[in-house]
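Student: I would like to learn how to read the packing of a protein model, step by step. Could we begin with the overall fold and then turn to the cores and the aromatic rings?

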Amino acid sequence: MKNALELYNDILFLNHRPWLFGKQSDTKFKQLISEVKKEYYSTQPNYEIDFIKPLSNIRKYYHVIIEHEAIRYLNDLHSDVSEALNKNEKSYLVHFALTKTFSQKIKETAQVIQERNYSPEQFDLSKQSKPIDNSHADESYILHLLKHQMARLIMEVQDSYTDLLKDDPLSQEEIYYKYFNEAAPVISFIIEAENYPNTNQIIQSKEKEDKPTFNAIREDIREANKNIHSYSQLVKNPSRFAQIEEGLFENGLINENYVFSDEYGKKKYLAAFYHQLIRKGYFNKRIFPENIEAKDLFIRKFLDHRYNTDVDKQFRNWDNNRDELLKFIEKDYWLDKISPC
C-alpha cells in the first residue's frame, strides 16, 4: 500500500516528536499551518474526531496533520481495495490494515503515552487540579489526539468493509480496553461523520477494462532451443503452474500471447516472481534423462524463453540480496500469497 501512516511514526519516534519539534515558536507553527497540504475525502467517512478544540498554534498544527494523514490513509486504502482483483485480495488488504498497520501504531502510541506519563488531566482544563507546564500539556494533547484518531481508524475500516472482515469487529469499548487497558471515554470523541458532498457515498469496486482471453498452455509455446530445457523437464505440476500463469496475466506481467510487458520496474518484479516460484517448489529438482540438478540458471532461462524476455541482471541482483528480495515479496499481495507447490 502507498501509505503506511509514516507521519504517525514520525510523530512517535522521529522528526515530528512534539517534545522536540514543539520547541519552535508560536509564530513558526502558525506559518507551518499555512503550508500544510490540504487533503479531501474521496469516500464518505463513517466517523470523525470531535476532540477538545485546539487553541494554541502547536495544537492546531498537529490537529491538522494528524487528521490529514488519516484522510490520506483512508483514501489510499479505499483505492487499493477498489482496484483489487478479487475478494480474497480485498479481504487481505483490510485484514492487514486492522491487524498490522493499525495494531502496531496504536500499541506504539499507548507505549509513548505511558513512558512519558501523559494523561488527559494535563490538557483538559475541566480535570486539572493544579497548574501544568504548557509544553507538557501540548505534548499530552497531541499524543491523546493521535490515540483517539487511531481508535477511530479501526472503527472506520471495520464499518466500511464488514463483509471482508476475517474476525469479529471490535466495539469502541473493546478497542480502548484491548489497546489502552482503559475504558472508552464517557463522552466519546469519535462521532458520526458529517456529510461530505464531494465524495463517493458508497465504496464501489471500479469496473475493470475488458481484457483479452487468456488460455493457460501446459506445454512449450516457442520453438525449441538446445540451450533451454523443456516444459515437461522442469515444471513439476502443470495444473498448478497454469494457475500461476493466469495470475501472471491478470497482474499485467504477460499478455495473452505469453509476451512479457516490458514496462518500467516490471523486470524487477518478474525476476522476484521467478525466485518465488523456485522457493515455493514449482520446478523439478532433477532434469531427466540427463539426471542433472535443475539449477536456478536453467529455470531462469526457461522462463525468459517462455515469456520472450531477459531478466538475467535483475534475477542475479535479487540472488545477491535475499533479505531485500523477501521484503519485496512480503509487501506484494500476489507474490506473498503464492502457495507452495
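Student: How many helices and strands does the secondary structure of the chain come to?

Tutor: Helices (H or I, at least four residues) and strands (E, at least two) are DSSP runs, numbered from the N terminus, and on that basis the chain has 14 helices and four strands. This is a predicted model, in which local features need pLDDT of at least 70 and side-chain atom pairs count only at pLDDT 80 or more, while totals for chains, interfaces and linings use all residues. Residues are numbered from 1 along each chain as its sequence is written, and side-chain values use heavy atoms, with hydrogens and water left out.

Student: What radius of gyration does the chain have, beside that of a compact globule?

Tutor: The radius is taken over C-alpha atoms, and the globule rule is 2.2 Å times the number of residues to the power 0.38. For 341 residues a compact globule would come near 20 Å, but the chain has 26 Å, and its C-alpha atoms fill a box of roughly 85 × 40 × 35 Å along the principal axes.

Student: Which residues of the largest nonpolar core touch the most other members?

Tutor: A nonpolar core is a set of buried Ala, Val, Leu, Ile, Met, Phe, Trp, Tyr and Cys residues joined through side-chain atoms within 4.5 Å; buried means under 20% relative accessible area, exposed over 50%, and partly exposed in between (1.4 Å probe, protein chains only). The largest core has 59 residues, of which Y8, Y62, F102 and L143 touch the most other members. Among the elements that give two or more residues to this core are α4 (57-83), α5 (87-115) and α6 (134-160). A second, separate core of 36 residues includes Y269, L277, F315 and W318.

Student: Is F241 buried or exposed?

Tutor: F241, found in helix α9 (residues 238-250), counts as buried because its relative accessibility is 0%. Beyond four places in sequence, its contacts include V235, L277, F283 and Y307. F241 and F102 are 35 Å apart in space, C-alpha to C-alpha, and 139 residues apart in sequence.

Student: How many aromatic pairs does the structure hold?

Tutor: A pair of aromatic rings is described by the distance of the centres and the angle of the planes. Rings of Phe, Tyr and Trp (its six-membered ring) pair if their centres lie within 6.5 Å, and planes under 30 degrees apart count as stacked, over 60 as edge-to-face and the rest as tilted. The structure holds 23 such pairs. The rings of Y231 and F241 have centres 5.9 Å apart and planes at 75°, so this pair is edge-to-face. The rings of W318 and F328, with centres 5.0 Å apart and planes at 45°, form a tilted pair. W318 is buried, at 8% relative accessible area, whereas F328 is partly exposed, at 24%.

Student: Where does the charged end of R116 sit?

Tutor: A charge sits over a ring if NZ of Lys or CZ of Arg is within 6 Å of the ring centre and within 35 degrees of the ring normal. The charged end of R116 sits over the ring of W19, 4.1 Å from its centre, and K147 lies over the face of F180, at 4.8 Å from the ring centre.

Methods: Contact = heavy atoms within 4.5 Å.
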